[in-house]
Structures are given as structure tokens and as C-alpha cells.
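Here is a report on a protein with its ligand. Look over the sequence and the structure before reading on.

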Amino acid sequence: MCDWSLAGEFILNEPLKKHTTFRIGGPAKVMLFPRTIEEIRQGVLLARESQLPYVILGNGSNLLVRDSGFPGVVIQLGRNFSKIECKDNLFIAQAGALMPAAAKRALKEGLTGFEFASGIPGSIGGGVNMNAGAYQGEMKDIVSFVRVLDRDLNLSELKKEAMKFSYRHSKAQEESMIIVEVGFSLMPGNPEEISALMEEYTKRRNFKQPLDKASAGSTFKRPEGYFAGKLIEDTGLRGFRYKDAMISEKHCGFVINEGEATCEDVLTLIHMVQKLVYDKFGVCLEREVKILGEE
Ligand SMILES: Cc1cc2nc3c(=O)[nH]c(=O)nc-3n(C[C@H](O)[C@H](O)[C@H](O)COP(=O)(O)OP(=O)(O)OC[C@H]3O[C@@H](n4cnc5c(N)ncnc54)[C@H](O)[C@@H]3O)c2cc1C
């Protein structure tokens, strides 16, 4: 028997719907909440010894978890990794800190650059992994360095250039790196202007996005030269529904969970939308939301 407590707090058969903004997903065989980098290492080593797959979870805001769950170890870097430090213009956040919290702290320190991410409901680790972005800003614009555990569980520091950032992509995805801490290069700014910009972005989000509904944000990536939401709207799919999975009336780029949607329901709806949009416009909509679990 494996002593999971070597990797911090743990729960067996934890429903992942409790840990995703979509409120969808079956159980993780083991869910770990490490408190230190050493405990993250132990978690990975124990998973490997037990021949179980493992995955890192941030805030679960870009994930669609299978109804059968994840037959392995989910390592969540959350509250235990949420420190944000700012000293001598060096702004460093641990991977579990939330982007809105980091944006708020930057405002408090009078630093500009983080405003675009003030309404993205993910963690710093998830944001860097995904190169999250909004309102013409992306994580790659403000990241200075990233501290990661590589496949051999060595801790190393990568400069921004080594992260190979591109649209909703980073090298961390290719090489299964575990992001533990990120340094940002922000500029001194006027707190009133920073605050006004954050408020403006919040207003725009509240106006455009179904923030009162369970979702994982934009379901599809932006196809070159188009907007996914507009293509879906122009295909006549506003409010299109399969069981409890629905194209948001407010923003056609969002699939929302109207109550009891399953992963299967959401995937069925996604496939229908992809086909209908392709038939009408010849454009392939690629999923931005990541799927966790086995078919
Ligand atoms: C209402 C809403 C609005 C949104 N708006 C935006 C937006 O404007 N722009 C945007 O880009 N996204 C947006 N999103 C999507 C989502 O918030 C981002 O993709 C975010 O970066 C995901 O972070 P997370 O911590 O939730 O990651 P998760 O969903 O937990 O994970 C996403 C991926 O990152 C990996 N990962 C997480 N943490 C780490 C780590 N520490 N090390 C290595 N890999 C890690 C996971 O394994 C997974 O592959 C929105 C989502 C919602 C629900």
C-alpha cells in the first residue's frame, strides 16, 4: 500500500466536479494537496511507483473531466502554493495563486501589466501553462522566469524565451513541466489608472460573459481570421442545447452547464457545433478546453 501522506494531504476517490468551474467530472483515484516542493516530488514518485498516471490541477477553470473521472493521481497546487511576493520590483507568485489575486497585489504595489488577467479565474501555474490572455494581453508579455520541476523532478529556472509561448500554448505543455513559481516583470504605474483599467475589463466581462453559469470559459480557440463565438452565432446556434449542455445565449463562444450536464453531453454538443460550423463556413473549431481522463 502506498503512503500518500508523504505527499501532503490526500483524498481518495474525490469527485473532480468539486474542483472544476464546469462542475463536471467523475472521481480522481487519488487527489493530493502538497505543501512543499518536496511533497510534489513525493506525489509524482508515488504515482510512478504505483504505475498510475498523474496530472497537475490548478483552479480547474479550463478543464472538462470525463464522467469516469481520472484513473490516477491529481496533484493540486492551490492554497498551499498561493504566496505572492513583491520586493525591489521583483514580483514573484507561486503557481497556486490566482491570477485575479496577483493582479490585485500588483495594483497594491503600483505595478502595471497584470490588468488583463484580473478577471481570468485560473491559477498562475495554469495561466502560464496555457499562456492565458485577454484584452490584447497574454502571460508571455509579463513573465520573466518560470521555476519548474522537470520530468526528472529537478528544479530549474527557465527564462521567458525558453518557455516557447504561443497562442494558448507553452513548452510546459509539451514537456509535462510542473510550474511551481513564476517571476513577472511589471512596470511602475499610476494606481488610479491601473484600477480604472481593471474595472473597465470587469465591466466588459460582466456584460459579455455568462459569469453566473458553470463553464470553462471559451470552449474553442480563436480560428485565424475569425472569432469562434461569431461563427457559432452566425450558424444559428445561440442557445443551442444538448441535454443540460448549452451554447450560452450571452456569449456563443461559451458552452455552459445548465445543471446536470455530463462530460459526454458537453462533448456531444461540441462535436455538433464543430460539424455545423464546418459545414457552413469551412472553418475547423479547435477545442481550447482540455479534457482530463480516459475515454
Ligand atoms: C468564466 C471564465 C472566463 C475565462 N476567461 C479566460 C480568458 O479571458 N482568457 C484565457 O486565456 N482563459 C480564460 N479562461 C480559461 C482559464 O481560466 C484559463 O485557461 C486558465 O489559465 C486556466 O488556469 P487553471 O489554474 O484553472 O488551470 P486548470 O484548468 O487547472 O489546468 C489547465 C491546464 O494547465 C495545467 N496546469 C495547471 N497548473 C499547472 C502547473 N502548476 N504546472 C503545470 N501545468 C499546470 C493543467 O494540467 C491543465 O493541462 C476562462 C475560464 C472561465 C471559467
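## Overall fold

The protein's secondary structure consists of eight helices and 19 strands. Its radius of gyration is 19 Å, close to the 19 Å that the globule rule gives for 295 residues, so the protein is as compact as a globular protein of that length. The model is predicted.

Along the principal axes, the C-alpha atoms fill a box of roughly 55 × 50 × 30 Å. Of the 295 residues in the protein, 49% are buried. Take the contacts with a separation of 6 or more: residues 24 or more positions apart account for 64% of them. The protein exposes about 14500 Å².

## The shell around the ligand

There are 36 residues around the ligand. Ile56, Gly58, Ser61, Ser123 and Gly133 come nearest. By class, the shell holds 17 nonpolar, 16 polar and three charged residues.

Which elements each supply at least two residues of this shell? They are strand 3 (54–57), helix 3 (124–130), strand 9 (133–134), strand 13 (178–184) and strand 15 (214–218). Helix 3 gives the most, with five residues.

## Polar contacts and cover

How much of the ligand's accessible area does the protein cover? On its own, the ligand has 960 Å² of accessible area, and the protein covers 93% of it.

## Glutamine 209

Glutamine 209 sits in the loop between helix 6 (191–208) and strand 15. Strand 15 also supplies at least two residues of the shell around the ligand.

Is glutamine 209 buried or exposed? Its relative accessible area is 14%. Buried means under 20%, so glutamine 209 counts as buried. Leaving aside neighbours within four places in sequence, glutamine 209 is in contact with Lys250, His251 and Phe254.

Definitions and conventions:
Residues numbered from 1 in each chain as written. Predicted model: local features only at pLDDT ≥ 70, side-chain atom pairs only at ≥ 80, totals over all residues. Heavy atoms only, no water. Near = heavy atom within 4 Å. Areas by Shrake-Rupley, 256 points an atom, 1.4 Å probe, with all protein chains shown as cover. Helix = DSSP H or I, 4+ residues; strand = E, 2+ residues; numbered from the N terminus. Nonpolar A, V, L, I, M, F, W, Y, C, P; charged D, E, K, R; others polar. Rg over C-alpha atoms; globule rule 2.2 N^0.38 Å. Buried < 20%, exposed > 50% of the residue type's maximum accessible area, 1.4 Å probe, protein only. Contact = heavy atoms within 4.5 Å.
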